[in-house]
Each structure stands twice: as C-alpha cells, then as structure tokens.
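Please walk through the model below, beginning with a pair of helices, going on to a sheet and ending with the relation between the chains.

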Protein chains: 2
Amino acid sequence: MKNRIVVIGANAAGAKAAAKARRTDPRAEIVVLDRGNFISYGACGIPYYLSDTVKELKELMSTPVGVVRDSNFFSKVKGVSVRTNTEVTAIDRARKVVRLREGGAGESELCYHKLVLATGSSPVVPPIDNVALDNVFTVKSIEDAELLKERAVPGAAACIIGAGLIGLETAEALQDKGMRVTLVEMRDQLLPGVLDSEVATLVEKQVKLQGVTVLSGCAVTGFAGEGRVQQVIAGGRQIAADLVVLAPGVRPNVALAREAGLAIGVTGAIAVNERQATSDPDIFACGDCCETTHLVTGKKVFVPLGSTANKQGRVAGINAAGGSATFAGVIGTSILKVFNVNAGKTGLTESEARKQGFDVETVLSPAPDRAHFYPGAKPILLKLVAERGTGRILGLQAAGEGAVDKRLDAAAAAITFRANADQLSQLDLAYAPPYSAAMDNLIVAADIMKNKLAGHARGISAREVKRKLEEGDDFILLDVRSPAEHGEIGIAGAKLIPLGTLRERMEELPKEKEIITFCKVSLRGYEAQKILDAAGFADVKFMDGGIMAWPYRFRDQ
Amino acid sequence: MKNRIVVIGANAAGAKAAAKARRTDPRAEIVVLDRGNFISYGACGIPYYLSDTVKELKELMSTPVGVVRDSNFFSKVKGVSVRTNTEVTAIDRARKVVRLREGGAGESELCYHKLVLATGSSPVVPPIDNVALDNVFTVKSIEDAELLKERAVPGAAACIIGAGLIGLETAEALQDKGMRVTLVEMRDQLLPGVLDSEVATLVEKQVKLQGVTVLSGCAVTGFAGEGRVQQVIAGGRQIAADLVVLAPGVRPNVALAREAGLAIGVTGAIAVNERQATSDPDIFACGDCCETTHLVTGKKVFVPLGSTANKQGRVAGINAAGGSATFAGVIGTSILKVFNVNAGKTGLTESEARKQGFDVETVLSPAPDRAHFYPGAKPILLKLVAERGTGRILGLQAAGEGAVDKRLDAAAAAITFRANADQLSQLDLAYAPPYSAAMDNLIVAADIMKNKLAGHARGISAREVKRKLEEGDDFILLDVRSPAEHGEIGIAGAKLIPLGTLRERMEELPKEKEIITFCKVSLRGYEAQKILDAAGFADVKFMDGGIMAWPYRFRDQ
C-alpha cells in the first residue's frame, strides 16, 4: 500500500500541510477530512465579508488568480483528496486508524501512516445565563457570518462582548452596516493582551469617535430576552441589544488529540516540537489547535493566527511526507485595522515583559509616519520596550492613522534576531520623503531608548504625572511648547516657558525642585531636560510622549 | 578656554552632529559654519518642492511641529552658533585652526579642539560640450530649485540626463508641471545600480505610461543652443530641450579634507572609522562627504543618503564632544516613488552580488500587496537574492504600485542580521487582511527560495526563455494558466494545458524533452513542474515570476 497521509481539517494549516506533503512525496496518498462544508477559506476575512467590504463569499476561498479552492481544485491541481462533511470521531493510535462519520452515512475507518491534526480553534462561549438565546452569535465560521449578516439590520442595537481583535473588527463591520454598536470589555482597556493601556487609549478614542459605545471594566453575567436576546446583563446594568456577538477569544480544538492520549501543553493546546510532531511521532499538528514557542521568552504560548498556521502547515506537511523541516516559533506579532486606526504589536508589551520578570525601559514616540512636509503624512505612536542592562529590544507597539505595519515588521525582524537598541537605531531602512522622515520613527524611538538606557534621558509616564497632580505633589510641570500650542490644549497647572526662551528664563525656576518638562511629542521636552541638567538643576524629567500621550480622558479641555 | 567644536556644514549631518555634541557636552562651545544661506533643509524634499507637492520652502526647513530651523533656532534651542555665508577655505591641522571667509568680509581664523566635516556632496557635472549654457541645471540646492521652478514652463521641453533616483523624481516633478519630459540614460536601463534590469523594466513601463519619453543606452555628448540650451546631443541624435537637468549622480565634497592631508578612501570619499573619525583623531566626518562600510560585502562604499547622514551625524557629534558611539555601516537600501510606482532595494542586487563573486540564486515573486480579497490590493514584484550553499539572504528588490517599503524594511533588518532563507521565511510579520496575505509576499519569496536552494524548484529567467525562443531551441513552453488567461495575454508558441487538467493530459507531453512551464506569477508553474517531475519527466523548469515577469517589451501583444 502507498504511504497514506491523513490530514484532519481543511482550512489554512491543513490545506497547506496537504499541498506541501504532496510536493514532498509525489507518490503518497493524501486525504484531507473536514467536518464542514467550506474548506480553505480565509477565516480572517470574515469580518470584511460581514461588512460587505468583501462582496462575494467565494473571494475568501479563491487563490489570488481567482480559482476557487474547493474539493475539485484540490483533487485536480494538488492531487489531494478532500472529503467534506466528514467528522473524525476518534483516533486509534495503536491501530493507526481514524474513525469517521461522513455526511449522512454511518461510521467508517481510515488507516494512516502519518496523521496531521489541523483541527483549528473555536470561539469561547462563556458559561453565562441564557447564552443559548437566539441572535447570540460567534464569528468564526462562514455559517456564522451568513446568519449574522442576515440579522444585522440598520438601526438595530448590536452588543459585542470582548474588545480583542475579532471584537473590534466586528464592531466596525456592524457599525458600517448601520447598527448601533456597544462594545463591552471585562478588562479596563481595549485590546488587552495586545496593547499596553496608553496605546489602547488611542484606539479607544477613535472607536468612540466613530460612534461606538465602549464599556470597559464591565463583566457580562448573562442575557435576557424572550426567545431571542433583548438585553445584555453586565454588572447591575442592562444593555438593550437586538443581537449579540461573543468575541472573548478562541480555544484550541484538542478533544480528538486528548482522547487519543496525545500530550496537551501548558497552554491547553496540543504540544508539538520544532518539527510540529506531537507526542506521537506519527502524528503532527499545526495551526490553531497547537501551541508554539515564544521566541522572546522561550516559553510555550497559544497564539492562533492565519500567518502562523500556514508556516506550521508547511512544516507539518513536509515532515509527514518524510522530509525535514522545523518551525522555530513566533514573537506574538498582531495587527488590526479598526475604522481609520491601525494598531498592533510585536514581541512583548510592557506589561507582558514585566510579568515575565524583565527589568524594562520604555519609550513613547509619536511622530508623522513620513516626512512631515510630504502630503498625507499621518501621525503614529510607537511604544518601544527594551531590557535594561542589555538594551535588548523586547517589543514594539504601534498605533495611529499612518503606516504602523512596516514599523512592526521591521521590529519583528530585529527582535527575532535579538537586536539591541543600538542595532535597531542603525538599521538601514528605506528612506525617501513619501515613506518616512530621514530618521524613521523606529530609529528615533531607538535613539531615545539609547538615551534613556544610558541615563541621559529621564522620562516619566503621563499616567504618573497625572497621579502626581491629583495627589498634589510639589513639583513644577513645565510646558516648553509655543504659546500658540499652549493655548490650544494644555494641562492645568503647567507653567509655560517655550523652549526657545528657556536658556534666558531659567532663573525663573528653582534649582532644587522636581521639574517635569513636556512638549507635543517629547523631543523638546527632552531638549529642555538636557538644558536644565547642564545648568545644574537637580531633578528634571520629561513626560514620555508629550501631550500626545496625555490620555484624552485626562484632558482638561 | 572652553572646549570648542567646529562643524563645517549645517545640513542634515552637520546639524545633527552639532545638536548631539551639545547634548553630550553642555559646556562646549559649538560653532557651525555653512557657506550657504539655507541651513538644515531637507535636500531630499527638493523634487517635491519643485512639483509644488510641498508648497512652501520653509516646510523643508521646519521641525515636525513647524518651527523653522534657522540660525536663531539653533542658537536659542540648541545652544549652537551657526554662521551662514561662511566658507571654510582651509584647515590647518598643525595649528588646529580653520581659515574662513565670512560674507563680504575678509579671511579670518577660528581654532578648534575637535572638528566635524559635514561638507556634503555636489552634483556631478559631466565634462561635455556647452554644459555651461543657460537653463542647464542640477538639482541639489534650494537656489537650484528656485530657479528651475521659475523656468519650468508648461508645454516646454525638459530633458533629464540620468535615470537614477533624483533624475526620476525630477522627471515626475517636471511632468506634473506640464512640461514634456525626456529622460536620457547612458546605461541600458532605468535606475542602474539600484535595480536589476527586469525590475527596472517594471518602473520604465510606468514612467512611459505617464508620457515621459525614455531614451536608455543613450550617451549625451553635449548641448547646443544660443546662450540658453536648445538641444541635447546624444549619439547622433538631437533632442529639443528648453531646459536640461543634469542628474548623473553626486560626488563627495572632499577638497578641504584632501588639502588638509586627511585620508581619502577608495571610493573617493573621506575615509572614516566606526567612530566617524578621519585619519586625524581630532577630525570627524559624517554625511555625504564620507564613505561607509557595506555590511553585506564588508567593503567601503559611497552611498550618500539623508537617513545615513543623520545616523553618522549623531555618532560624529557624540565622539567630537568626548562621548563614545559607533556607526557600523549600511546595506545600500534605497527607495523612490515615481508616479504611481514604488521601487527600491536593500542589500545587493543580483548583478552587484555576482560582481562581488557570490554564487547566487534568485526568486522573482509577483503578488498583491495584501489579502487579494481586500479592496485596494495592488500588485508588487519582489526579487530576492540569496547565496547558494549558505542560503544567506543578500538582497531584496521590490517594485510596484503597492506597499514595497515595508517589505524592504523587514528585509533590511533581516539582512543586517545575516538571515538565511529559512529564517526569513519564518519571520512573524504583522498579518491581517488589510496589510498582507496570510503568507506575506516576503515569506512566499523566501519559501520559493528555500525550494530553489534545495533543488526542488527549478526556475529559468524570462530573459533566458526569450533567448531560447529566439534561437529556436527545441523545448516545450507550457502555459498552465486558464484558457481565459491564455487568451488575454500569451507568449507565441506556448502550448496550453491548464494546471487543473495537467494530471490527466500529461501524456500529450514527451518525457525526455525540456519543458518550461509558466503561469501568471509562477506558483502554478512550480506546481506543474512538481507534477511532471513526479511523473518521471526528465527536464522540467518553470519560468521565474511567470508572465508578470515577461518584460513588456517582449510581449507579443
């Protein structure tokens, strides 16, 4: 009998594994089993289908040249047999057989030489009251999307539970369709786990500007309604809702693997090694069902993503077919577009880094995304996180209307190779005015990081300054912007000495008192700190990120 | 006497060096001398000022918050004294003195403890006939730009000599102003030294589509005209021109350094070490006047760029002020926008790599710049160059209407850290449909490179296929696209067997003959090669980059 490779799951990872197995071993028999109707679709595209940004379902299932990747395509082009509506109910590892139920038919068995698990993930459905009411949705499958699209009536109220990537993308999609959208998040910020709070604040501001109601720090306890959902119960509050989308996250589909006795990792996903092999050397796993290694911390993580699924599928497919390939891991890069904001991260956030025990230094650097004089330049905020002592870059977050993706990608490459701040600051990035300033935002952030790590620049967070103001600490808050900027938006209690006059007017300031300088972004604030340092002032810092980082909700005007 | 640091040149590198020296040594006296009137302007912005994309000159000389960086700004904010209209005529290293001529005044002397040379570069003016005629311009200074702008009359004929970055940017600027533009390039392609010819072809196509006349392989021998230029003489040809822009490149301004006996490098620019120190430890150099190290080849190069100037200025300033910093070098990254095309490179091109003696493998990979189903996706072409044996990535070129800059930046970081193809293919780049396909263009290119390096994928260049067709070689050119695609644009003599029918129809093909497959981009072409390989065909290759890489000038329709 020919070598038979059986793949369970025909989406990103499974489809990739099957195709790659075929190329690796042209003689193997390759069978892909999927319990669903739709295969090889771009699940990440579902929010865009929902909003009609993508008009036709088949666009999500096509190759870039427009060929639909259905069973016929896999058979004709890939030489791979795909059986849809076929659920695998058990794996018998001793006999190397999977038990399956195909369509309406009864159970049957299929033996394998190598097995690839690409069983994916499922939305978490929290165990709360009346979660089974009609019009309570999750957004993962095409079927979900079709039904949700039908029910998303303009003017009706939608409530989205969970302000992660999918929650925010869905919020935009439903708002675009004319619904009144409320976003409910248990934690006290949007995108928890993706962004630190001051960066998330920037996203929240834009989401609210678009008319979405945001309720953070708000735990949903259940739903109420007659047959279909009518209210979301969150704390004591009742939120009217004609439909609800549950988006609190996904969990890996590991039931088959667990029942077959395969090792499940600390993250709850299937444990695999660098070859994507499970604890059974004849069984591989790839995509959302398995865990991977975080290359910054060295620890196992569960970070389901279409990009990673493809990479792992390739490796699993090669190895299942007798070849040799490895997948090292991820660094937790993620990104989303929500309304006109782009936001994402790579590596560790500050809070993740602190949890991992790193001694961290951070830089907040807002600036235009290209030469400030070039038309269309848009602001972006970078937050760079590095390890004190070594200067190693641990992570970057980026958010704003401008090009954040390329700063994340360049940083992702640098972090993968364990760059330190000095190395990051010297990267030969592509420069011309339509693409960046002569000093790219990433280079500027790295330079500030070097200044901070060397002790030349002393920053203090806007949050900390806010706290000090509220607690009535005795310090001078020094605005070094122009009088015009000061008049436009300020912080109550700040003293104005424009940077250009500081050298002449510094005798107005007491030498021994704590002084915190700030400007729009923090470059002039830092310059002011250096001027005052040089004049013998004892305790001068600048506010990180300037007034751009002053959370809008703190603003006095 | 206080430590005095004298900086010659007040543009990007000089201004940065002075500012950084001030922060490093708050007590030093810092004097910047510049022979011009305008200081700290973005020379890279001049083409955009020319086209009125940037309306006001002062925008080029402002900080991102709109403060003009003039002598007053440097004095008040930076604590740096800038003297404009001040030409340094000699450096007396023995006495540590510069001789200078200030404005209308006579000569005087200024002593220094440390000297920073930031004398920049000047446009090369080729020694050809009548080059001094009126209306023959270079584009480097603000004064040039002002005069050229005045003379750029709609409907008049402009001739640009040199199709490098500045030449192309200027071509667009003058075309935008309604001039009839002819671009003359001595070499047989646009952007020689930046792009390999097949990538440059893509740029040339777009430039021609915009109405620019392109004459490549055309050496200008002189100009003709009465007082002002009227004709460009190129070979036997006479090209009518109301104005001419010379853009054959720039050369470093090294006269002062050479006369002072400082070492000049093999590139003709001032030799410096990692600390930006010249052969005199009290004299530093930075920016366009000095050479640097190419981090891929380890060799000295002259690559003047605003981004590099800033980095070097920072290092020179710190070291001149008694601090310690180093600049490792560059990898030759450059980019330009010309009309609706973005094009650039990082690392080595194929031709550069071959000249350096590398055994190279290349990949051409055209694809949409984001998820193909996401609105606004635009095609880009990547060309990846790697070293055979090690798999080390040597360079990337990218061109097209879509986002090429971020692929260049990510590759620049990877190349700096000496990534191989496998490492590049595993980068955790930021993925969501608005930003990339699940497998980013860079990942796809790296995967193809791995397949090629391992001998699984065998490519042949479109140029080579063209040659084989012309010479009547006995081989089968196999189009594996759909009949619709085949009908739309094809290559004469190709046999059509759509990929989906290849497994059934392969008996139509002879097993021993050379077969070259192709599709639109090359993924199906590769798939076809694998299918035929597996069936025992002896000599199958695919055409790199598919029909997208088939130079338009070769097209049969």
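Which residues in α1(B) meet α9(B), and which residues of α9(B) do they meet? In this predicted model, B:A12, B:A13, B:K16, B:A17, B:K20, B:A21 and B:T24 make up the α1(B) side of the contact, while B:A309, B:N310, B:G313, B:R314, B:G317 and B:I318 make up the side of α9(B). Sorted by class, the residues of this contact are six nonpolar, four polar and three charged. Two packed helices are described by the angle between their axes and the distance between the axes. Here the axes of helix α1 (residues 12–24) of chain B and helix α9 (residues 306–320) of chain B come within 7 Å and cross at roughly 35 degrees, and the crossing of α1(B) and α9(B) is right-handed.

In chain A, three strands form an open sheet in the order β4-β5-β6, with antiparallel pairing. Because β4 (86–92) and β6 (107–111) of chain A stand at the edges, each with a single partner strand, one side of each is left without a neighbour in the sheet. From one strand to the next, the twist averages 30 degrees. Strand β5 (residues 97–102) of chain A runs antiparallel to β6(A) and is joined to β6(A) by five bridges, and A:R101 stands opposite A:E107 in β6(A).

The same surface serves both copies, since 100% of the contact residues of chain B recur in chain A.

Definitions and conventions: Residues numbered from 1 in each chain as written. Chains lettered and ligands numbered in written order. Predicted model: local features only at pLDDT ≥ 70, side-chain atom pairs only at ≥ 80, totals over all residues. Heavy atoms only, no water. Pairing = 2+ DSSP bridges. Helix = DSSP H or I, 4+ residues; strand = E, 2+ residues; numbered from the N terminus. Axes fitted to C-alpha atoms, helices over the stretch in contact; angles between N-to-C directions. Left-handed = near helix turned anticlockwise from the far one by under 90°. Contact = heavy atoms within 4.5 Å. Nonpolar A, V, L, I, M, F, W, Y, C, P; charged D, E, K, R; others polar.
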